Protein chains: 2
Amino acid sequence: MGSIRNIPDIVVGRLPIYLRALDRLILERREYTSSHELGERLGISSAQIRKDLSHFGEFGKQGTGYNVAYLFDQIRQILHVDREWPMAVIGAGDLGRALVHYRGFVPRGFRVVCVFDTDPERIGEEIAGLKVQPMTELDETISTHRVQVAMISVPLEAAQAVANQLVEAGVKAILNYAPITIAVPESVQVQYIDPVVHLQHMTFYLK
Amino acid sequence: MGSIRNIPDIVVGRLPIYLRALDRLILERREYTSSHELGERLGISSAQIRKDLSHFGEFGKQGTGYNVAYLFDQIRQILHVDREWPMAVIGAGDLGRALVHYRGFVPRGFRVVCVFDTDPERIGEEIAGLKVQPMTELDETISTHRVQVAMISVPLEAAQAVANQLVEAGVKAILNYAPITIAVPESVQVQYIDPVVHLQHMTFYLK
């Protein structure tokens, strides 16, 4: 298996998509698949898939293709989701609540274990069995639960300050739903979800 | 201005990020900016920004840089968000409700005008002033409102069928929140939002 340094980030970014497709194949009780079939399902060329996977080892056999369960396990290990990552949600508005309720995290390696807000009206409220906590408890809770992953669902004006507090508390990966680019130390990962960015990308092609 | 065919899709995908940063600069009452400053704020190299923008024309001047308001207007026109796109939301669960409530669409060129669900308990309910409609009304409502853009927030098992119905009704751009790749005709755009894909991308780098 190659070292992290050698793997282009864009390749890493496609592995979760492959994992999702393999999960689907497992549900369909399929034992083998091919780069061709995966490519068809994902709209990616089979050559690209073979090249991406070759960064991590030899997974397929000429003729029989990939063993679905084996490749699934290998990619889970590569992405470190063969375990459960505890997560914090910051911001208990509509989106934050949807994130706390979302059932798609646990089967794929993540569990929301705490949720925070600044609004006194929200603090103490229960969402999916979790009590909304004040931001003053963030440091201790994150340290107790060994949380390294957090999702920011606060208004954009508050996002940078929240990110700073998360980094300070030891969080290493942030998924930011606030529509603003945030600055973090190089040792911290950030990814963004902004639906308008996707929508505007598509309207470029519309009349 | 270049033709659509000549612009790499990856460049198009960065324009909404530039637009978001310019919006921010306008809020800060800034009149001029530079590729260097934009780059710093976005974590993108200034050379990349200059190259991306050069696909569309000459926006900056040596010495004074970019006029913020002018560049903002130009990119809005390029992305076709100098107007308001009516949108449909399919699926009125937690996420669908959050999307209907989200106030970040209108200032950036989009407005949710209708919301659909199959659940009789949800149909007729009001979310942010919109009545949840049954799927049987989808075709007519989409045609009446001339909806070309839709967001799918249904369980993954239902996503492909919903996409088919949307395409049939004339929708040209789909933002799919269901964690599954969907098949659509080439004339239809699809973008995906799946938080777990981003989370798993980040945990690759964590221990």
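Predicted model: local features only at pLDDT ≥ 70, side-chain atom pairs only at ≥ 80, totals over all residues.
So, leaving aside its neighbours within four places in sequence, which residues is A:Met87 in contact with? Keep that in mind while I show you around.

Let's start with chain A. Its secondary structure comes to 8 helices and 10 strands, and its C-alpha atoms fill a box of roughly 60 × 45 × 35 Å along the principal axes. Of the 207 residues in chain A, 40% are buried. If you take contacts in chain A between residues at least 6 apart in sequence, 56% of them join residues at least 24 apart.

Okay, back to A:Met87. Beyond those sequence neighbours, A:Met87 touches A:Phe110, A:Arg111, A:Val112, A:Val113, A:Val147, A:Val149, A:Ala150 and A:Met151. A:Met87 also belongs to the largest nonpolar core, which has 118 residues. Among those with the most contacts inside that core are A:Met87, A:Ala150 and A:Ile152, along with B:Met87, B:Ala150 and B:Ile152.

Now, how do the two chains sit together? A rotation of 180° with 0.0 Å of shift along its axis puts chain B on chain A, with an RMSD of 0.0 Å. The two copies are therefore related as by a two-fold rotation axis. The same surface serves both of them, with 100% of the contact residues of chain B recurring in chain A.

As for that surface, 50 residues of chain B are in contact with 50 residues of chain A. Several elements of chain B each supply at least two residues to that side, including helix H1 (9-27), strand E9 (173-176) and helix H8 (195-203). The largest share, 9 residues, comes from H8(B). By class, this side of chain B has 29 nonpolar, 14 polar and 7 charged residues.

Conventions: Residues numbered from 1 in each chain as written. Chains lettered and ligands numbered in written order. Contact = placed C-beta atoms within 7 Å. Helix = DSSP H or I, 4+ residues; strand = E, 2+ residues; numbered from the N terminus. Nonpolar A, V, L, I, M, F, W, Y, C, P; charged D, E, K, R; others polar. Core = buried A, V, L, I, M, F, W, Y, C linked by C-beta atoms within 7 Å. Buried ≥ 20, exposed ≤ 12 C-beta atoms within 10 Å, placed from the backbone. Least-squares fit on C-alpha atoms with pLDDT ≥ 70 in both.
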